Amino acid sequence: MPSYKQVFGVDPGSDLKEGQGVNFLLCPAATALRSILGCYRFFGVGKLQGQGPLWRPDNKTRLPSHAYTRHHAGTAVDIMLNEKSDPEVALGQHLVSLFEKFQSVMRWRSLIYQDYTNNPGDSTHLTPTCWSNGAHYDHIHIDWFDSKLVNWDKTITTVTLQNKNGSTLDLLVNTDGLATNIDWPSAANTDFRDNVELLKAVSELMAKFHAGELKKAVLGDQVCTVPVGVTKLELAGTWEANVNGWKGIFVFDAGGGVSWADSAKSTKHSGSWTATNSEVTWKFKDAGDIRTFKATLPLNRTKTSGIILPDGQGSFEMRKL
Ligand SMILES: [Zn+2]
């Protein structure tokens, strides 16, 4: 439970039809989490996701691909959070802490958020590690999935999608083949929606969120050698800068490049940035410019202040546009 056929309505390898439904079966634990969070207006339309699609472009190749995953099997919830909103990111980080605190109650087996992951499986042994596989800045993934409970048909390499206009589309299947059955581990049958302590903790957290009291942190700080993902995410883009009275812009890219300019249309002067766990520094290449700009992580989008080295070069402020 549940089988490929229950979810997609046909045997694995048979043709799919454009626009056909995906029969989404939710495990009791995922149902419980959705119902607890769903009580709050904030988690209304669009915030609680995790249903698998019929097919989608592959993350890397962009080719149309089809799979039966832990999402289709109803063992996962994706909690969508606006990565550009500091309060929402702070809420996400506090939710991760809350889920970890209540892992023995909720019995989730795996979660991912930003550059952080924790995979206790059936045990209550929490071991956070660094997540570097991308694509988890806009949601918390939490699941009750066990890869040992998946049956595969390795002989299936493509599935045909019949379009409504009579044409067909070949959907690629990953190299492991197509999952034919994904059993729920016992943890997936945990219904924790009446756990008083958990309900109270969520309610207190949401009150703090609405009061604007949650502070953002660097989640992977303790487990990632360099939280490059966080740094890049926060830094990349255009910042309005004020350097000792000069007003202009700094434009950072994700790959270590930076430039300054008087305005978006002015000549750009390039430089480079690097980051450690706790700070980001950058320099420009202009002849005679000895300055090193330094800001502490995590960056504040609305107002980041920093110092300029060597001593005596003053300070700067910047705000993300
Ligand atoms: Zn997910």
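Helices α3 and α5 are roughly antiparallel to each other, a label given to angles over 145 degrees on a scale from 0 to 180 degrees between N-to-C directions. In this predicted model, α3 covers residues 86-101 and α5 residues 196-210, and the two pack at an angle of about 160° with their axes 11 Å apart. The axes are lines fitted to C-alpha atoms over the stretch in contact. The crossing of α3 past α5 is right-handed, meaning that the near helix is turned clockwise from the far one by less than a right angle.

On the α3 side, the contact (heavy atoms within 4.5 Å) involves Pro 87, Glu 88, Leu 91, His 94, Leu 95 and Leu 98. Helix α5 contributes Leu 198, Ala 201, Val 202, Leu 205, Met 206 and Phe 209. These residues comprise 10 nonpolar, 1 polar and 1 charged; Ala, Val, Leu, Ile, Met, Phe, Trp, Tyr, Cys and Pro count as nonpolar, Asp, Glu, Lys and Arg as charged, and the others as polar.

The protein as a whole has 6 helices and 21 strands, taken as DSSP runs of at least four residues (H or I) and at least two (E), respectively. Its C-alpha trace spans about 70 × 55 × 35 Å along the principal axes. Of the 321 residues, 44% are buried, that is, under 20% relative accessible area with a 1.4 Å probe. Among contacts between residues at least 6 apart in sequence, 58% join residues at least 24 apart.

Residues are numbered from 1 along each chain as its sequence is written. Local features need pLDDT of at least 70 and side-chain atom pairs 80 or more, while totals for chains, interfaces and linings use all residues, and side-chain values use heavy atoms, without hydrogens or water.

Key: Parallel < 35°, antiparallel > 145°, perpendicular 65-115°, else oblique. Buried < 20%, exposed > 50% of the residue type's maximum accessible area, 1.4 Å probe, protein only.
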